[in-house]
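This report covers strand pairing and aromatic contacts. Please consult the sequence and the model alongside the text.

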Amino acid sequence: MSKLGRITALLAGVALIAGMTTSQANALPEKTGPISVAYIEVNNNSMLNVGKYALQGGGNVFDVGVIFAANINYDTTKKAAYLSFNPNVQRVLDNVATQVRPLQAKGIKVMLSILGNHQGAGFANFPTKASAEAFAKQLSDAVTKYGLDGIDFDDEYAEYGRNGTGQPNASSFVYLVSALRALQPNKLISLYNIGPSASRLSYGGVDITSKFSYAWNPYYGTWGVPSIALPKSRLSPAAVQIGATSTSTAASLARRTVSEGYGVYLTYNLGASDSHTYISSFTKELYGKEAVYTP
């Protein structure tokens, strides 16, 4: 048996022990380096844009696509927060077969971002543990119903106190994230590191830091390590807005991500036009490869 044949047989044997198929074992990793995340403003752009970029020689540019955004709204009659989808988000969710599954088939995770909506409801002002758990159940049900890969928390635009709602409290976000993690132990939960919730991660002896899969810097064009005690592999200090942050800054932030050993690179507002030249400015630093665009 040739040396290559012996290596292939060895890989197959190891894989079969691990419960993998021989074909999976023979597939070489297409990409190494930090994961790349793309937020998509679905009011204006298609989630399918996430899957249109590959690395020269193979591998997806983006590992996670985030549907931006669903909302936490407030029912003034019931005095309760509820999960709401605007028509554009609902359209994506109603058409997951064509808008989400093609991405997942490529190995790209698809998450749903939850954002405040100027109604007073936020992640940090649930009045009771039960109310936080009820909202967590709504999030979990959406993930399950639409076959998504997780939830992203973005505590902006809540306007705490509006409609008679409470101000941020210490327990709310801890109850919410704890309940969601219990309901979805194997899904992604990410923190867009902004707002009152981001500084309220511990209550009653419970610290929810370890319940997050990732946390990232919310300020585009800057470097800022999220103040959450996750391993570097799960943090993105770099954040860029595609087309708005300069290519030199995007490249510099990517270079720093690699040199300082961080595992995530965050991007926002991937649009419909061919942006492979811009995207290559950071993929060359992250992966040593240029980006290729396929319409």
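Is F123 buried or exposed? At 1% relative accessibility, F123 counts as buried, because buried denotes under 20% relative accessible area, exposed over 50% and partly exposed in between (1.4 Å probe, protein chains only).

## Basis of the model

The model is predicted: local features need pLDDT of at least 70, side-chain atom pairs count only at pLDDT 80 or more, and totals for chains, interfaces and linings use all residues. Residues are numbered from 1 along each chain as its sequence is written, and side-chain values use heavy atoms, with hydrogens and water left out.

## Aromatic pairs

The whole structure contains 17 aromatic pairs (rings of Phe, Tyr and Trp, the last by its six-membered ring, with centres within 6.5 Å; planes under 30 degrees apart are stacked, over 60 edge-to-face, the rest tilted). The ring centres of F123 and F153 are 5.0 Å apart with planes at 75°, so this pair is edge-to-face. Because F123 lies in the loop between β5 (109-116) and α6 (129-146) and F153 in strand β6 (residues 150-154), the pair ties together parts that are 30 residues apart in sequence. Helices (H or I, at least four residues) and strands (E, at least two) are DSSP runs, numbered from the N terminus. F153 also counts as buried, at 1% relative accessibility.

F126 and F135 have ring centres 5.7 Å apart and planes at 40°, so they form a tilted pair; both residues are buried.

## Strand pairing

Strands β3 (residues 64-75) and β4 (residues 80-84) pair in the antiparallel sense over 5 bridges (pairing requires at least two DSSP bridges). N73 has Y82 in β4 as its bridge partner.
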